[in-house]
Amino acid sequence: MSYRPYQQIDRRRSRQISVGPVKVGGDAPISVQTMTNTLTTDVAATVAQIQLSERAGVDIVRVSCPDQESTAALKDIVRQVSVPIVADIHFHYRRAIEAAQAGAACLRINPGNIGSPERVREVVNAARDHGCSIRIGVNAGSLEKHLLEKYGEPNPEALVESALEHAKILQDHDFHEFKISVKASDVFMAVAAYQQLADVCDHPLHIGITEAGGRRTGTVKSSIGLGSLLWAGIGDTMRVSLSAEPEEEVHVGWEILKSLGIRHRGVRIISCPSCARQGFDVIRTVAALEDRLAHIETPITLSIIGCVVNGPGEALMTDLGITGGGAGRHMVYSAGRQDHTIDKDAMIDHVVEMVETRAAALRAADPKLVPAPVTIHAEAEAAE
């Protein structure tokens, strides 16, 4: 919920579908996804990786199913995790049917790439019979030959045309429980494709910048691309694609949503870059607090400012805060007001204790606060 007009996001109105118990589209919170990178046949390793992502706050996890052994393992994986699983399928229609039978909540498959109309019909029927939704996943790196010949190279128009061709196949089978992604590693291409697709359909959209890179470069690219789309109200579910562990993708995805006020989860730290005025080591303090407060799910804001120039002003807008002072004593703020001072040697432990106490009190007052999705205005609501 936004309290200031300039923070308001008018969200594109889309159809709503289900990925297991998670609603995607409509007025549902924008969900955060990731994908495992273990061998799917290694059930223990895959489950462990999913559970780490669950602790990070993931809503949906995708698992690759390249062969029959993987779809057989999927059944055991689904039973041991709490989040819905998307089975990633390429080309082989039998893998899609097996994944639906194994308990996948969604199939990531492009219906135009799996063979004859009869095979498409079998996959659609399997999805329908087992309550699976489908994600049409168009990627600039694997566009159909006829579209590359038509456009000469991957571009936004080709991505959108491919997506709509695949969507028509499902619609012709009277199947509408699907979402679409049109990903590219080029930020400009991806954003333009999503913008064009959003204008011509009401299908829920899975947004992402594919093959974005390592932890640092991929985070920057994804933040620019996904941030631009989300700010424009486009996107119903999202994945940050990093050459990093899946839980890191989840952390970055949440930070993007939190920075736009779309969803809130865990401690949001507002901290200064530090300078010669700092009364304590801001950089190392923030690093320590990020690590020690990672287990907190309740949304809380915490300001860590090294001096009194901006510290009091930032503390006015956060739940808890610390401002650097003289003689090794620092001011602690609660609900925007000066509360007490604390010695620098005890400061980190003290802040952790304060945050944990506040989180426990908030949970006791409102158990539904974890996690706390923020419903942003849809176009229909704005029209009213």
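**Cysteines and helices**

Start with cysteine 106, which counts as buried because its relative accessibility is 0%. Buried here means under 20% relative accessible area, with exposed over 50% and partly exposed in between, using a 1.4 Å probe and protein chains only.

Before I go on, a word on the source. This is a predicted model, where local features need pLDDT of at least 70, side-chain atom pairs count only at pLDDT 80 or more, and totals for chains, interfaces and linings use all residues. Residues are numbered from 1 along each chain as its sequence is written, and side-chain values use heavy atoms, with hydrogens and water left out.

Now helix α6, residues 156–172. Helices are DSSP runs of H or I with at least four residues, strands are runs of E with at least two, and both are numbered from the N terminus. α6 has 17 residues and reaches 24 Å from first C-alpha to last. That is close to the 24 Å expected at 1.5 Å a residue, taking 1.5 Å times one less than the number of residues. Its buried residues include Leu159, Val160, His166 and Leu170. What covers the buried residues of α6? The cover includes α4, β7, α5, β8 and α7, with contact meaning heavy atoms within 4.5 Å. Just after α6, aspartate 174 takes a positive phi of about 55 degrees.

Next, a helix pair. The axes of α1 (residues 43–56) and α2 (residues 68–80) come within 10 Å and cross at roughly 35 degrees. Axes are lines fitted to C-alpha atoms, for helices over the stretch in contact, and angles run from 0 to 180 degrees between N-to-C directions. On the α1 side, the contact residues include Val43, Val47 and Ile50. On the α2 side, they include Ala73 and Ile77.

Last pair: α10 (residues 282–292) and α12 (residues 347–365). Their axes also come within 10 Å, crossing at roughly 35 degrees. Thr285, Ala288, Leu289 and Arg292 of α10 meet Met347, Ile348, Asp349, Val351 and Val352 of α12.
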